[in-house]
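Please prepare a short report on the structure shown below, written for a reader who has the coordinates at hand.

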Amino acid sequence: MDKFKNYQVWFFTGSQKLYGEEVLKQVKENSKKIVKGLNENSEIPVEIKFKSVLTSSDKIKQSFQEANSNESCIGVITWMHTFSPAKMWINGLKILDKPLAHLHTQYNKEIPWADIDMNFMNTNQSAHGGREYGHIVSRLKLKRKIIVGYWQDTEVIEELKIWIRAAAAWHDSQSAKFARFGDNMNYVAVTEGDKVEAEIKFGYSVNGYGIEELVKYVKEVNPKDIDKEYRHLKDIYKIKQKLNEKTVHAIKDAVQIELGMRTFLEDGDFKGFTTNFETLHGLKQLPGLAVQRLMKDGYGFGAEGDWKTAALVRAMKVMSKGLEGGTSFMEHYTYHFEEGNMQVLGAHMLEVCESIAANTPSLEVHPLNIGNKSDPARLVFDSKAGSAINASIVDMGERFRMIVNNVKALKPDKSLPKLPVARVIWKPKPDLKTAVKAWIYGGGAHHTGFSLAVDERYMRDFAEIAGIEYLQIDENTDFAEFKKDLKLNEVYYKIND
Ligand code: MN
């Protein structure tokens, strides 16, 4: 599995001086063995670095100061091997601003029934050491992930992996830059929001660029590079349409937009962007192929100025790095209301990422019927089938809310020969009517981040780290309970935010 290069999670073990040097030596050795074991597990996507056994307030504060200022450190794992009086942890925890995981494990899996003595009892006290430590984290009202179980158990590794991937996405979001070509689609509500508050909450900034700034880059693309990329695309995609002078021209125009956009984004060190079909002055066509090609390479994207979804898609792409599946910008488009077989067709005008494609996409040129521009090039495909999620972040005025719906992506029952866009057919959980009602009551957007690679556990961890409201719609959702949760959340956030 691809490791996140240059990322580390720091591992600290809690103890105290009371037990004497011999026990502390053992505590350190066991910690190193656990860290070594975790690093040898291919599921763990970053290097876990054992830092030290902490036995004093000063050392704890100093260690967390270092974690805060270290660029590679994306999060901190703490483990109480023994009892570690938790007043020692207060001043360190108060300043820690990296994601925190409390690994509640112990070095031995089983009680050594025949050999257990008081020396063993003194050395292996996670069961009460972890409670003392956990109490102070709760009293300080800090966000954290608690993982309970033996450190080699598959479930523990899985939970740790997910938390690390969420922490990686969080790290990536800090100081990330998103470019907005043009503004919001006129009069649209859900794609708008408070960009200042988003920067305070998520760490990323969103800034606008006049379309002419992009057009300048597009005009400067070398014609030789366009020809080269055009030949490359003909090699890697299916060409089902008969190419004529007009369609070749359209594909080359799309390639020119892609290359110009790519240079713009690289020059400005952007991690994602938005477009708006209403503001394309100077571009010959809506960037469809360009957006698809850039999303495949990891850029976050939102259409119609939707910067929140662009940042969300980017975060989901970071979390899913190296995992099977795929992640794309998505839109709830149209319904199939057949009784007993209700489905949603998800697509966009053009901009769906090929990482979710079931087969090699087909490169095609068709009219768009919107925006008064030339016919744009795009990749057309059906998505893979499988368990997936749709995720949305909306601005509720005084807070951000994430809503996630578990869905089942399907192989379409029938072919869609006249629909010239990439698409996904899915069945929402628990059923279409309940899911859609809950989603709409929750204020969820029509745009989403769609993923076959990450599930709701990743999104929960990410929302927890970010400290935003989280609503889950899945097989366990009861609509009346969901509505009650919405009301309770209103009260909770009035008091706590
Ligand atoms: Mn849209």
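Predicted model: local features only at pLDDT ≥ 70, side-chain atom pairs only at ≥ 80, totals over all residues.

Residues are numbered from 1 along each chain as its sequence is written, and side-chain values use heavy atoms, with hydrogens and water left out.

**Domains**

The protein is divided into domain 1 (4-173) and domain 2 (177-496), with bounds that come from an automatic or database domain assignment. Their C-alpha centres are 37 Å apart. Across the boundary, 17 residues of domain 1 are in contact with 20 residues of domain 2, contact meaning heavy atoms within 4.5 Å.

**Manganese site**

The manganese ion has four protein donors, Glu304 (OE), Glu331 (OE), His348 (NE2) and His447 (NE2), at 2.1 to 2.2 Å. Donors are N, O and S atoms within 2.8 Å of the metal (3.2 Å for Na, K and Ca); water is not among the atoms, so sites may look incomplete. Along the chain, the donors of the manganese ion follow the spacing E-x26-E-x16-H-x98-H. Glutamate 304 lies in the loop between β9 (300-302) and α12 (307-319), and glutamate 331 in strand β10 (residues 327-336), so that this pair, 27 residues apart, links distant parts of the chain. Here helices (H or I, at least four residues) and strands (E, at least two) are DSSP runs, numbered from the N terminus. Both glutamate 304 and glutamate 331 are buried; buried means under 20% relative accessible area, exposed over 50%, and partly exposed in between (1.4 Å probe, protein chains only).

**Threonine 274**

Threonine 274 belongs to strand β8 (residues 272-274). Because its relative accessible area is 2%, threonine 274 counts as buried. Leaving aside neighbours within four places in sequence, the contacts of threonine 274 include Phe181, Phe301, Gly305 and Trp307.

**Salt bridges**

The structure holds 26 salt bridges, each defined as a side-chain nitrogen of Lys or Arg within 4 Å of a carboxyl oxygen of Asp or Glu. Three of them are listed here.

| Pair | N to O distance |
|---|---|
| Glutamate 43 and lysine 161 | 3.3 Å |
| Lysine 252 and aspartate 227 | 3.0 Å |
| Lysine 296 and aspartate 297 | 3.7 Å |

In the salt bridge between glutamate 43 and lysine 161, glutamate 43 is in the loop between α1 (21-40) and β2 (47-54) and lysine 161 in helix α6 (residues 154-173), so the pair ties together parts 118 residues apart in sequence. Glutamate 43 is partly exposed at 28% relative accessibility, whereas lysine 161 is buried at 7%.

The salt bridge of lysine 252 with aspartate 227 links helix α10 (residues 245-267) to helix α9 (residues 223-236), the two residues being 25 residues apart. Lysine 252 is partly exposed at 27%, as is aspartate 227 at 30%.

Lysine 296 and aspartate 297 are also part of a network of salt bridges with Glu229, Glu258, Arg262 and Arg293. Lysine 296 is partly exposed at 39%, and aspartate 297 is partly exposed at 43%.

**Surface patch**

Ile111, Trp113, Ile116, Met118 and Met121 form a nonpolar surface patch with about 560 Å² of accessible area together. Patches are made of residues with over 30% relative accessible area and no salt bridge, like charges being joined within 9 Å and nonpolar side chains (Val, Leu, Ile, Met, Phe, Trp, Tyr) within 5 Å. Accessible areas come from the Shrake-Rupley method with a 1.4 Å probe; for residues, only the protein chains shown count as cover. Methionine 118 lies in helix α4 (residues 118-123) and is exposed, at 57% relative accessible area.
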